[in-house]
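Subject: A structure for you to look at

Dear colleague,

I am passing on the structure below, and I would be glad if you kept it open on your screen while you read the notes that come after it.

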Amino acid sequence: MESLNQKFTFTSKTRNLFIGISVVGLVLILAGLVVHKDQYARFWANFLLSNFYFFAFSIVAVSFLAIQYLAHAGWSAGIKRIPEAMSTYLPIPFIGFLIIIGASFMHGHGMTALYEWTHESIVKADPVLTGKSPYLNSTFWIIRVFVYFAIWILCARAYRAYSRKEDEVGGMEYYHKQVKLSAGFLPAFGVTFCLAAFDWFMSIQPHWYSTIFAVNVWASAFVGFMTVTNITIILLKKNNYMQWVSENHMHDLGKFMFAFSVFWTYTWLSQFLLIWYANLPEETPYYLARMWGNWKYLFFLNLFLNFACPFLMFMMRDAKRTPNWILFVGAVLLMAKYLDWYIIVMPFTAGHTSGFGLYEIGFYMFFGGMFCYSLAYSLSKANLVPTKHPYLIESLHHEV
Amino acid sequence: MSIESPIREPLIFGDVNLHTITEDVCGPTEHKPTKAWWFGFTIACCGFAFGIFCFTWEVMFGIGTWGLNKTIGWGFDITNFVWWIGIGHAGTLISAILLLFRQEWRNSINRSAEAMTIFAVMCAGMFPIFHMGRVWNAHMFLPLPNDFGPLWPNFNSPLLWDVFAISTYFTVSLVFWYTGLLPDLASIRDRATTKMRWSIYNFLSFGWTGSVRHWNRFELVSLILAGISTPLVLSVHTIVSFDFATSVIPGWHTTIFPPYFVAGAIFSGFAMVHTLLVVARVTMKLENYITIGHLEAMAKIITLTGSMVGIAYGTEFFMAWYSGYKYEQFAFINRAFGPYWWAYWSMITCNVITPQLFWFRKIRRSPVAIFILSIFVNIGMWFERFVIIVISLHRDFLPSSWAMYVPTWVEAGMFIGTIGFFFWWFFLFAKFFPVIAMAEVKMIWKKTTTGKPAGAFLPLQDYDPDKAYQLADMNNPNYLDSAGGHDHGHSEHHHTEEPITH
């Protein structure tokens, strides 16, 4: 067996590629300022969407680590450096939110462009929004952003620090520490992620509410995270890294992609069917805005890409064990996740100005480039496999 | 062959070999039942008999013998129905979903959990059927062709979806359970000492011969059934939740109901498995197979699903306030501080607060504590359904329709009757059928006991991964290179293997 002491070399070519993606994204955004003139809401909606998109994958990466430790999972020990590396991206979305908050001082920008409830005059005239104002007000919302990110970033850093320390000293000490950390983090993650989904996405339509909303967002994020992990492994393997990772690991990640795509559909249907069936005026506006007019094409395309595609393309065993096919399905799923959240964010922010143009592509590339850079950079900073992980042996000999 | 880390807790303890597995599992079916068995069985029979009396009473005198009224049309009946259906979820979760997750600890507990599922679903089914009043018209549930115009069932109603979901679930669970039993029943047959016993078990095992072709089809059918069961187990409680959530009743109509009901069902199902197995493993001397590790794993699932249920309670409460919908807000304040406040706080205490004790390893690994906590969960989950059903109904939109609900002795008796019925089946099962899936446990026996430093896990209660780490010399830098040999095992530790006859 090849040596397990292996580090990823972040070559200047790759580095320039990722920086280039971000720079091109930035140029497109700047061009958008000219082309999509005065469409501030669309600008900020795209900022939020793409910022959240890559954020969601990196926070779910931390929760994945927590689940692995609590479940005594062995198969994933050999690939856990990838979610670890992904989690180092978290400070950037935090800065993204700081920018959204900072921009709010200009009227019509930042939060004020995204959230109706930030406008005092509207809230005062509306008894429902007044009733929600103890929760939905700018100050508390900003405090919550800080609290969420404080918990997430601290825990993510702790995982990585413990895991790297374990590489040096071995023993069970740091394993136990991570189990304890997981027991603390996972419940905290459950609460903070739910509230974050309510704060950032659901409150875009402040009159509307759905208790399952956060679960649905989480399901999407989980599929996205699994997809990114699987793609990263395949790309690393194609570049002669991590040869001990086999199609068995990809198969397991693929099963997660498949299963949680179905789970996403389940939560999607729970929300849609119950609201459609009960037909209450408090709840239906969400779907009224999305199932009619031009939105209806995207609405059904969303179901097709997020459910039908992975369901049919990933059903067979061999499909989950063929790297190039995984790359293809992964690309479809990454697109699908973008569309899923696009439909949540756009109708009540960008509204009639929404489309697929410079802003959409620009912001996606801008944040995507930074995400890839941070992932590759962090992979290069630690050994690609946690050599002293007590369950590593199971992962190295993993067979499905 | 896959390799297990030395620190992974073995799933089979003690001085066990393939022969002793057969002895330990088949033994109870071959000896005369113990006094404890007769004692339990008699009590179950009494409860069952009283249940028959109460069900008969209800059929003779009608639904008026219950405490329901115009406002509260669902009371004990549907509460018990949902409670039993929930309990029936652990079996299929263990057999199907844990199979997909390759959790091998399921092998010792799947048989009894699946049996429990089947009995619980039978209990559940009684309530909606008898709630019809005219049980002799029960076939009108079904889309049978008839001479009186269109079909009877209302296909728009989730109550009808329930009929299909539950009957499908019952059928698949039964087939899955029975398929798994075939090789084990054949083992019992092969050990039979009388012609009569041989014939009965031969019939029950469908003449299983253990040929390669039998095993091949057995494995294939099991895998297909696992694939079918996984969406089924999620769909059953999803549809039960639709019974409530498709309505417009405050407290019932909320979109988180489907996954929240499923989590709650798994929660209560595992609690019932705990309740049964903590006792059964001692009385039937199965501690080597249903180990502390098994109980701990189930306790972890209870903590997980209990926390999910807790977060769902929180979400519901928060969203009721956030919605700004005053009926919804009233429904939730009334839950906590209305006339049925005691039911709500019993639910919160038993479902959210006490299971948190499972965060402590000592408690997770103490059978006595587990037993007590599992009873708490059983009670809490019953109250959850009572809270959802009765509390949401008893304050109608018009204050003139407000009412209270008190169950009558008939309803209470029917509930007791189903508990008796459930245990009646379970005692019979434990006496005549192999309570552990022998064939499956034998498959993991070698893997789970090989390569583990013996000193790390004896005596039973005190498995210590740190000690295992030391004994296996995992700190040695060459450990990973040398450890590959573990999968061939240290054959000197093995006992003489009996020829596999199953």
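The notes below cover confidence, helix packing, a cavity and a pocket.

Please keep in mind that this is a predicted model, in which local features need pLDDT of at least 70 and side-chain atom pairs count only at pLDDT 80 or more, while totals for chains, interfaces and linings use all residues. Residues are numbered from 1 along each chain as its sequence is written, chains are lettered from A and ligands numbered from 1 in the order in which they are written, and side-chain values use heavy atoms, with hydrogens and water left out.

Confidence

Chain A has a mean pLDDT of 93, with 100% of its residues at 70 or more; pLDDT is the predictor's confidence in each residue, from 0 to 100. Within chain A, the lowest confidence falls in helix α16 (residues 392-396), with a mean of 88, and the highest in helix α4 (residues 91-103), at 96. Helices here are DSSP runs (H or I, at least four residues), numbered from the N terminus.

Helix packing

In chain A, the axes of helix α2 (residues 40-70) and α4(A) come within 9 Å and cross at roughly 160°, where axes are lines fitted to C-alpha atoms over the stretch in contact and angles run from 0 to 180 degrees between N-to-C directions. α2(A) and α4(A) are therefore roughly antiparallel, a term for angles over 145 degrees, whereas those under 35 count as roughly parallel, 65 to 115 as roughly perpendicular and the rest as oblique. The crossing of α2(A) past α4(A) is left-handed, which is to say that the near helix is turned anticlockwise from the far one by less than a right angle, clockwise being right-handed.

Helices α13 (residues 295-313) and α14 (residues 323-345) of chain A pack with their axes 9 Å apart, at an angle of about 150°, and are therefore roughly antiparallel to each other; α13(A) passes α14(A) in a left-handed crossing. In chain B, the axes of α3(B) and α14(B) come within 9 Å and cross at roughly 135°, which makes α3(B) oblique to α14(B), and this crossing is right-handed.

Cavity and pocket

On a 1 Å grid over the protein atoms alone, a cavity is a set of points where a 1.4 Å probe fits but cannot get out, a pocket is an open set with protein on both sides within 12 Å along at least five of seven lines, and lining residues have an atom within 4 Å of a point. Grid points are joined across faces, edges and corners, and a volume is the space filled by probe spheres set on the points.

The largest cavity holds about 110 Å³ of space, and its lining residues include A:F213, A:W268 and A:D340.

The second largest pocket has a volume of about 1,000 Å³ and is lined by 38 residues, with B:W37, B:V279, B:A280, B:T283 and B:F427 nearest its centre.

Definitions and conventions: Helix = DSSP H or I, 4+ residues; strand = E, 2+ residues; numbered from the N terminus.
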